[in-house]
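Have the model open while you read.

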Amino acid sequence: MNPGFAQTPWEGLVILASVSILFFLVVLVSSWKRVGIGKDMTKGFIIGGAQLALVSIILMALIEWEGEGTIWLPAAAVMVTGMAIISAARSAKRSPDMPFAFRTTAASISLGSVLSLSVLLVADAIPLRPEFVIPLAGMAFGNSMDICSLTMDRMTREFQTGRGMIETRLSLGATSSQAVEDIDRMAIRTALIPTIDRMKTLGIIFIPGAMAGLIMAGVQPLVAAQFQLVIFLMIVGGGVITSLATVTLARESFFNENHQLQDWV
Amino acid sequence: MNLYSLRGVGKALSGRTVLNNVDLDIVAGRITSLVGPSGSGKSTLLRLLNRLMEPDSGQLTYRGTAITSKDPVSLRKEAVLVPQDSTMFPGSVEDNVCYATRMHGITDFNPADALEAAGLSTGYLERDAERLSGGERKRVALARAIALSPYALLLDEPTSGVDPRSSDIIEQSVMRMRDEGTTVVWVTHDIEQAKRVSDHIVHVKDGEAVMSDGRDLQGGGVY
């Protein structure tokens, strides 16, 4: 029976090549219209494709090792550490002036992602197998990275525009955390709004990737929906933890131990 | 007795020397005015007294001990700074006046008293603080500081941009607080005002502070 999608990498490559016609068409139209994104799109496609290919090759190896006991675990740990470092570095790049930005993003993203992923494992929502752990770790780290970046962005902007308000509060004897309580709340809310909005529109406006993939792989839609909800709970839970950790840890970059604003703010 | 003593205090901001070797005593229970042109270092001096920043050099003592040995949060409750911009917090005037007392768990406090001491009627308590005029904001900011019953009030141009009547009310309120024992450091451009309200005048110019009897100050006017 034809399952409707490629069964081997070679078959997949043929399908990809034929579908790429659409991509090249879009690139052509954008250069014709001088939109100025053709080069970036091509670069993104090549880099993204190469990264996906690399991850797939590693995953294939890990799945193969799975049969030989827990040998895949150290390799998966290295991969997850790589995800943590890259996501933290990308997020820290958004706040180039902030001292210790990498330390903040690395700790926040890792805490949110690892905790939420651990809950899924402990609750037996997913088995401890590379084909589950690695993709879900990717989702957890990717979402936590976005949420961390949004939190840092909002905080930095609020600190720079609201310096007068913060110093007025400090001058009345507020501690640094009391002086920015509302900024913390606003940053967390702002960072989580896109995720919460996506959750609200689940199934109505879009069927998310994991659920769509499971349905296409023949899983019962109801089971696929339940699994998708599990993933969203991981994303939201991890996101909240990441955002909370970001505002707490970033405070050390904005203030010194004497509850004074740092010069760079 | 001196509440603050500065000896050889220096401070640079963004590579520019703002205060240079300042020697100054702030006498307890008196109003000391810091008079000088814009950018002369007056506001920086106030921020040092409130420990919103630290001096780069020299010694700054508060009640006889190094200011750095005092917990900055406790110090700011005792020596409250009222910044020039009178930023209002979101909410009512009452929320603003009670901001610090609620935060510090002070319960035996009536916001109407602080408001009246700053020259505003109790009718203001329910008003939206962010919709007040410049003069009203200045007085609410003063009430917000008075609410803490501080040892010292550090006022950064509390009457700038304020109509003469409001200015007069603020002056009277602050002098009344001085009479009740509060130490006041008052930054102003207005030499006449400094002469009118102060017990001591300090002329701050080019980052240096000189005690003045007022006679050396251009005979009145505004910087």
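Start in chain B, where Arg51(B) and Glu54(B) form a salt bridge, with 2.6 Å between the closest N and O atoms. Are these two partners buried or exposed? Both Arg51(B) and Glu54(B) are buried. Keep in mind that you are looking at a predicted model.

As a reminder, side chains of opposite charge can pair when their charged atoms come close. Over all chains, the structure holds 19 salt bridges. Here are three of them from chain B, side by side:

| Salt bridge | N to O distance |
|---|---|
| Arg51(B) and Glu54(B) | 2.6 Å |
| Arg63(B) and Glu78(B) | 3.7 Å |
| Arg178(B) and Asp199(B) | 2.9 Å |

Now for the second row. Arg63(B) pairs with Glu78(B), and their closest N and O atoms are 3.7 Å apart. This pair ties together distant parts of the chain, since the two residues sit 15 residues apart. Arg63(B) is in the loop between strand E4 (57–62) and strand E5 (65–66) of chain B, while Glu78(B) belongs to helix H2 (residues 72–78) of chain B. Arg63(B) counts as partly exposed because its relative accessibility is 37%. Glu78(B), on the other hand, has a relative accessible area of 17%, so it is buried.

Why does Arg178(B) count as buried? Its relative accessible area is 14%, and the cut-off for buried is under 20%. Asp199(B) is partly exposed, because its relative accessibility comes to 34%.

There is also a network of salt bridges to look at, and it links Arg163(A), Glu167(A) and Arg47(B).

Last stop: the alanine. Ala101(A) is part of helix H4 (residues 101–122) of chain A. Ala101(A) counts as buried because its relative accessibility is 6%. Which residues does Ala101(A) contact, leaving aside its neighbours within four places in sequence? They are Ala92(A), Ser95(A) and Met152(A). Ala250(A) is 149 residues away from Ala101(A) along the chain, yet the C-alpha atoms of these two are separated by 7.4 Å.

Terms used: Residues are numbered from 1 along each chain as its sequence is written. Chains are lettered from A and ligands numbered from 1 in the order in which they are written. This is a predicted model: local features need pLDDT of at least 70, side-chain atom pairs count only at pLDDT 80 or more; totals for chains, interfaces and linings use all residues. Side-chain values use heavy atoms; hydrogens and water are left out. Helices (H or I, at least four residues) and strands (E, at least two) are DSSP runs, numbered from the N terminus. Buried means under 20% relative accessible area, exposed over 50%, partly exposed in between (1.4 Å probe, protein chains only). Contact means heavy atoms within 4.5 Å. A salt bridge is a side-chain nitrogen of Lys or Arg within 4 Å of a carboxyl oxygen of Asp or Glu.
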